[in-house]
2 protein chains.
Amino acid sequence: MRSAANSGLRIGPARGVLTFGCIIVRRMKHEVLFHPSGKRGQVEERKTVLEAARGLGIGLRSDCGGKGTCGKCRIMIEQGEGGLSSPTEKERRLLGSQLASHCRLACTAAIQGPLSVMVPRESLADEAIVVAEGEGIPFELSPVVRKYHVAMTAPNAEDPTGDAQRLLNELVEVYHLKGLEIDQPVLQKLPEVLREAAWDVTVTVWDSKQVLDVEQGYVNDSYGMAVDIGTTTVVGYLMSMRTGQTLAIESMTNPQIAYGADVMTRIVYATKDDENRRRIRRSIVDGLNAIIQKACAEAGMAPSKVVEMTLVGNTAMHHLFLGLNTESLARAPFVPIMQEPCDLKARDLMLVVNQCANVHILPIEAGFVGADNVGVLIATQPQQYPGLTLVIDIGTNGEIVLGDKDAGLMCCSAAAGPAFEGAHIKCGMMAATGAIAGVRINPGTREVSYRTIGGIRPQGICGSGIIEAVAQMVKCGILSGDGRMNADARCVRSGEDGPEFVLERADKTATGRDIVITQKDIREVQLAKAAIYTGASILMKRLGVEKVDRVILAGAFGSYVDPESAMAIGLFPRCDLENVKAVGNAAGYGARMALLSKAMRMEAARIARTVKYVELTTDPDFESMFIASTRFT
Amino acid sequence: MRSAANSGLRIGPARGVLTFGCIIVRRMKHEVLFHPSGKRGQVEERKTVLEAARGLGIGLRSDCGGKGTCGKCRIMIEQGEGGLSSPTEKERRLLGSQLASHCRLACTAAIQGPLSVMVPRESLADEAIVVAEGEGIPFELSPVVRKYHVAMTAPNAEDPTGDAQRLLNELVEVYHLKGLEIDQPVLQKLPEVLREAAWDVTVTVWDSKQVLDVEQGYVNDSYGMAVDIGTTTVVGYLMSMRTGQTLAIESMTNPQIAYGADVMTRIVYATKDDENRRRIRRSIVDGLNAIIQKACAEAGMAPSKVVEMTLVGNTAMHHLFLGLNTESLARAPFVPIMQEPCDLKARDLMLVVNQCANVHILPIEAGFVGADNVGVLIATQPQQYPGLTLVIDIGTNGEIVLGDKDAGLMCCSAAAGPAFEGAHIKCGMMAATGAIAGVRINPGTREVSYRTIGGIRPQGICGSGIIEAVAQMVKCGILSGDGRMNADARCVRSGEDGPEFVLERADKTATGRDIVITQKDIREVQLAKAAIYTGASILMKRLGVEKVDRVILAGAFGSYVDPESAMAIGLFPRCDLENVKAVGNAAGYGARMALLSKAMRMEAARIARTVKYVELTTDPDFESMFIASTRFT
């Protein structure tokens with residue numbers, strides 16, 4: 001315990017004041033000092049330590065709303081233990097032997113004398129929770145939606161203030177939340193909820209601005225949904241905004257595929273007339289609603305508990321979801337209608353989460369470098385890294401970013417086509433269960449070994465499998481550097497589309513058909529990888545560098561790809577192998593970060609504003625570089 | 001013209017700068033000085049005077065968006081006429097002989113030398129338009145919704161900024177409107193509108209915060225709708241927010257009357273279950289939509305042109321319209337769910353105006369003193385008046401306010417009942433065409449003369465008619481001070497409900513029935529007027545005054561009432577007759593003021609927060625004062 005001299009505690013209460021012979025009776029006040037903040041104040045007798053702390057702007061946790069049940073507001077009495085009311089039964093139960101070590105609960109201990117209090121870090125409300133998952137960069141949990149527990153008295157003749165103002169007043173008084181408004185649907189249910197809850201409710205507040213929900217009693221948990229709308233796959237993440245945990249992940253094929261497998265076909269469909277635009281928008285909305293419902297069912301909760309969403313997607317998916325005209329995306333200069341981040345009401349978007357929920361749409365960088373790439377950038381943060389980073393996000397298009405802390409970031413979009421997603425490949429498939437994701441060829445026997453996702457019989461081959469197979473084929477001399485298959489090799493046979501390399505025979509596959517790689521497949525891979533390589537090279541040329549310090553491979557693809565093989569076939573310029581990292585679906589991780597952290601939203605907006613877009617096709621060296629990049633060397 | 005010495009004009013342009021032997025070519029700049037503001041700056045050659053003025057923060061009018069067609073940006077050249085480009089054909093046409101008096105159009109005249117310019121008051125954009133109508137207090141037109149004309153260039157390879165950001169950038173540059181957001185439905189139509197309009201559009205902006213609409217070309221007019229939801233009558237005013245003019249007035253019987261003629265019956269109906277609450281809400285929404293459509297049809301415009309609404313109504317009407325629970329309004333302490341003003345999207349309220357329009361709901365004062373009374377107060381402004389004002393708004397309830405500039409305001413609600421609206425009166429009717437609104441009785445002959453609204457055959461008698469009839473009957477000795485009808489008087493006959501006074505015989509009425517005032521009617525009037533009188537007296541007692549300086553009578557009733565008769569029967573405490581004023585539907589006028597003036601909205605919020613509510617029924621003198629007040633003396 002500190003000494004009185006150290007803590008500077010003044011002994012003796014401030015009493016009633018004698019003025020012109022009349023005693024003005026005031027409730028007695030006592031000096032209370034808080035460590036380690038050093039804040040002090042005169043506090044009225046009988047107030048709790050929690051109230052005293054709040055009055056001085058010290059944010060003590062009180063998850064249960066000051067009912068003495070959560071035990072989160074534990075404090076240590078440094079001096080003046082007699083200055084507190086006796087421990088209550090609740091304190092005895094929650095603190096047990098800690099009582100003897102001068103621990104108390106701030107919400108229950110009432111002040112009756114001068115006091116010096118130590119607040120442990122874990123009792124501070126703003127103590128950061130750090131979220132990190134898989135390969136993602138850790139970040140601080142600071143969602144834009146927060147919950148506040150309030151217990152009020154019912155209106156009466158002396159204080160007839162109405163429900164809404166009553167609630168707002170309480171939020172100002174207890175949590176200093178000024179200028180809040182209440183969303184209309186909340187107003188409509190407010191009186192019932194307040195009365196059924198005997199005026200003890202938990203309030204959900206968006207960005208310290210708007211009340212989104214009012215629930216009976218003390219509610220601790222808060223849920224959000226992050227969504228990544230890919231051209232081919234839509235993924236939804238149901239998140240706890242209290243703990244940062246992922247509660248459920250649901251994915252589905254983008255239902256817009258009915259209107260075209262690739263972006264351009266869908267744009268053409270949507271631009272035909274308003275009815276088409278509505279129909280294609282409705283299909284993705286229905287898809288998202290299905291994902292929301294499945295994810296919530298899996299977590300055993302009602303979709304109306306979801307009070308915040310974030311959304312990323314490439315520029316076309318972003319526009320089609322918002323019902324924006326995509327005509328300008330179909331021709332140069334490829335102008336998006338809207339690039340800025342925005343917050344829209346779920347009800348206006350026809351999403352089946354809580355009708356007061358906001359949906360935060362991440363910004364677009366430029367043209368075809370969309371909100372999905374912004375997600376990748378906040379998830380991988382090349383802009384925070386001192387060395388030069390090349391980030392390659394491979395989806396149906398390839399978005400490439402180059403930069404570092406000092407130089408800032410440049411981005412471009414490479415028309416890689418869907419080969420790495422398994423499309424336009426004879427036995428290609430998405431990186432899903434049953435896909436061959438890794439291939440080894442014995443250089444001597446040319447015997448093939450492989451691994452499938454899920455370890456089951458192979459159904460086909462996905463992007464990472466193709467890359468590894470090609471790398472191995474080149475290594476073993478089955479493929480030449482210019483991509484010609486060695487027809488004389490024992491393992492190469494003549495198929496209907498020309499030479500083909502057999503990975504597995506029909507009797508050992510799940511489909512009952514041979515799994516092969518054809519000469520045509522190789523040409524597709526050459527075009528795809530050349531597009532990526534050329535994009536990266538042009539960015540490097542613009543920055544005047546010949547080598548990057550690290551490479552990050554993102555995309556569903558990136559979860560399985562073998563960095564060595566990818567570099568071997570020339571997917572990206574050479575780099576020290578230990579500095580090549582595959583991080584999986586970084587766009588989805590970025591969407592989750594933006595859901596859980598307001599700071600990450602702000603960073604996303606900043607990046608989108610500052611990243612410099614480079615148009616590849618107008619670069620004078622583009623064609624020659626592209627042709628040179630088709631070689632497997 | 002001022003001399004160069006006076007105006008401090010520096011002669012000679014600032015030219016290209018010579019630095020280390022290289023000439024850095026800059027466009028030439030010239031000093032331009034504006035009077036009477038005294039602002040000056042270096043302006044690039046070839047910029048227009050309008051651009052120069054905007055750059056210096058001088059808000060010149062340019063109603064046509066700087067196209068040289070409206071002639072509103074007229075300026076006078078004080079010095080340096082040679083410093084401007086030659087007058088264009090447009091200037092010659094619009095200015096004619098004024099050109100010789102050194103007049104020019106700021107949007108057309110381009111700078112090519114130093115210049116001193118005088119800006120006439122009428123060319124300033126912020127020149128106030130003052131609105132005043134009938135008995136209303138004049139106020140400055142400053143609607144929360146404003147229109148801005150912008151002409152942009154289309155995106156191109158050098159400047160591929162997308163539609164939304166392009167528009168926002170232009171609004172920042174030309175009008176300094178920073179941080180605007182674009183409402184979702186506007187985003188959806190933005191690309192079509194911009195392209196069809198060749199990037200020349202008018203933008204509707206709400207409160208310098210949100211873009212509500214984008215229209216092709218230059219659009220000058222802007223429309224709003226103010227609505228007063230009365231228990232019995234709903235009135236809608238279609239307004240030009242550019243001129244402040246009322247374009248159409250539509251009224252209808254409140255369709256909620258199907259669920260109860262009086263407030264309490266409707267509250268009971270609505271509180272039964274959620275379905276009832278939805279149904280009664282839906283009926284008033286349908287009613288408002290009918291009014292909106294009729295008013296717009298009358299003015300020959302589409303309802304989607306209405307981009308802002310204001311709404312007043314008593315507390316119950318307010319709650320029922322918003323779908324709020326009214327249970328707490330049915331019993332002491334009569335707590336409204338929500339008292340604060342709020343802005344809601346028309347689409348969330350299911351109103352058929354522009355879906356991006358906001359609806360501003362005026363605040364409630366307390367309990368049953370609702371937003372309609374706030375409307376009355378901003379329309380009559382007792383809080384600005386040095387002498388003590390008594391404001392009486394008579395609808396189905398009577399709201400009474402007493403106060404002045406220094407003492408502030410007190411309010412109360414008097415349960416007057418609907419007698420003054422013609423209900424519970426044998427031949428009573430609303431103040432509509434065919435109602436007897438004024439009555440004279442010859443003291444000698446006891447012959448009755450009367451006037452009807454619209455001057456047609458009488459159908460019944462309205463509140464003001466009843467008041468005048470009663471006053472005349474007392475004066476002629478047909479009624480005693482305690483309200484007994486003199487059965488011996490020649491004009492009093494015995495009817496089915498006891499004695500009755502005949503105003504007109506059946507053969508001269510529109511209904512073919514006698515129009516009479518019965519003894520029972522007199523009792524109703526006594527109760528109604530006693531309620532008002534008692535309310536006013538209790539407020540005066542609380543303030544410690546025995547006399548007020550003026551009385552304002554509001555309400556549809558207030559348009560026709562004869563102040564002398566009203567005072568004679570003791571509707572309110574005595575006051576110098578010349579200071580008693582009837583102002584008609586002040587609540588509706590207040591709603592219009594709030595539509596046309598942001599300052600009035602703020603004043604409404606301030607009044608609602610500060611007016612002191614007095615509960616009449618708990619006053620110890622209430623009963624005795626009420627009984628005493630039933631006398632006609």
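Let me start with a hairpin: strands β3(A) and β4(A) form one with four residues between them, and Gly38(A) in the turn has a positive phi of about 80 degrees. When I say strand or helix, I mean DSSP runs, numbered from the N terminus, with at least two residues (E) for a strand and at least four (H or I) for a helix.

A word on the background before we go on. This is a predicted model, where local features need pLDDT of at least 70 and side-chain atom pairs count only at pLDDT 80 or more, while totals for chains, interfaces and linings use all residues. Residues are numbered from 1 along each chain as its sequence is written, chains are lettered from A and ligands numbered from 1 in the order in which they are written, and side-chain values use heavy atoms, with hydrogens and water left out.

Strand β3 of chain A covers residues 29-35, and five bridges join it to β4(A), the two running antiparallel. Strands count as paired here if DSSP finds at least two bridges between them. Within the pair, Leu33(A) stands opposite Arg40(A). Strand β4, residues 40-44 of chain A, has two faces: Gly41(A) and Val43(A) are on the covered one, while Arg40(A), Gln42(A) and Glu44(A) are on the uncovered one.

Now let's go inside. In soluble globular proteins, nonpolar side chains tend to be buried together. A nonpolar core here is a set of buried Ala, Val, Leu, Ile, Met, Phe, Trp, Tyr and Cys residues joined through side-chain atoms within 4.5 Å. Buried means under 20% relative accessible area, exposed means over 50%, and partly exposed is in between, using a 1.4 Å probe and protein chains only. The largest core has 108 residues, and those with the most contacts inside it are Leu167(A), Leu171(A), Val201(A), Val211(A), Phe321(B) and Leu351(B). A second, separate core has 106 residues, including Ile337(A), Ile361(A), Tyr148(B) and Val369(B).

What does Leu171(A) touch, leaving aside its neighbours within four places in sequence? Its contacts (heavy atoms within 4.5 Å) are Tyr148(A), Val150(A), His176(A), Leu177(A), Leu180(A), Val203(A) and Val211(A).

Next, the charged pairs. In one of them, Arg242(A) meets Asp221(A) at 2.7 Å, N to O. Arg242(A) is in the loop between β15 (233-240) and β16 (246-253) of chain A, and Asp221(A) is in the loop between β13 (210-216) and β14 (223-229), 21 residues apart. Arg242(A) counts as partly exposed because its relative accessibility is 35%, and Asp221(A) is partly exposed at 25%.

Another bridge joins Arg440(A) and Glu468(A), with the closest N and O atoms 2.3 Å apart. Arg440(A) lies in strand β23 (residues 435-441) and Glu468(A) in helix α10 (residues 463-475), both of chain A, so the pair ties together parts that are 28 residues apart in sequence.

Let's turn to where the chains meet. The contact takes 34 residues from chain B and 34 residues from chain A. The size of an interface is often given as the accessible area lost when the parts come together. Buried area here is that loss, with a 1.4 Å probe, summed over both parts. Between chain B and chain A it is about 2700 Å², and carbon and sulfur atoms give 55% of it. Gln184(B), Gln188(B) and Ile337(B) supply 19% of the area that chain B buries against chain A, more than any other three residues.

How many salt bridges are there between chain B and chain A? The count is four. Arg277(B) forms a salt bridge with Glu192(A), the closest N and O atoms being 2.4 Å apart. On the side of chain B that touches chain A, the elements giving two or more residues are α4 (163-175), α5 (184-196) and α7 (274-299) of chain B. Helix α5(B) gives the largest share, six residues.

Key
Salt bridge = Lys/Arg side-chain N within 4 Å of Asp/Glu carboxyl O. Buried area = accessible area lost by both parts, 1.4 Å probe.
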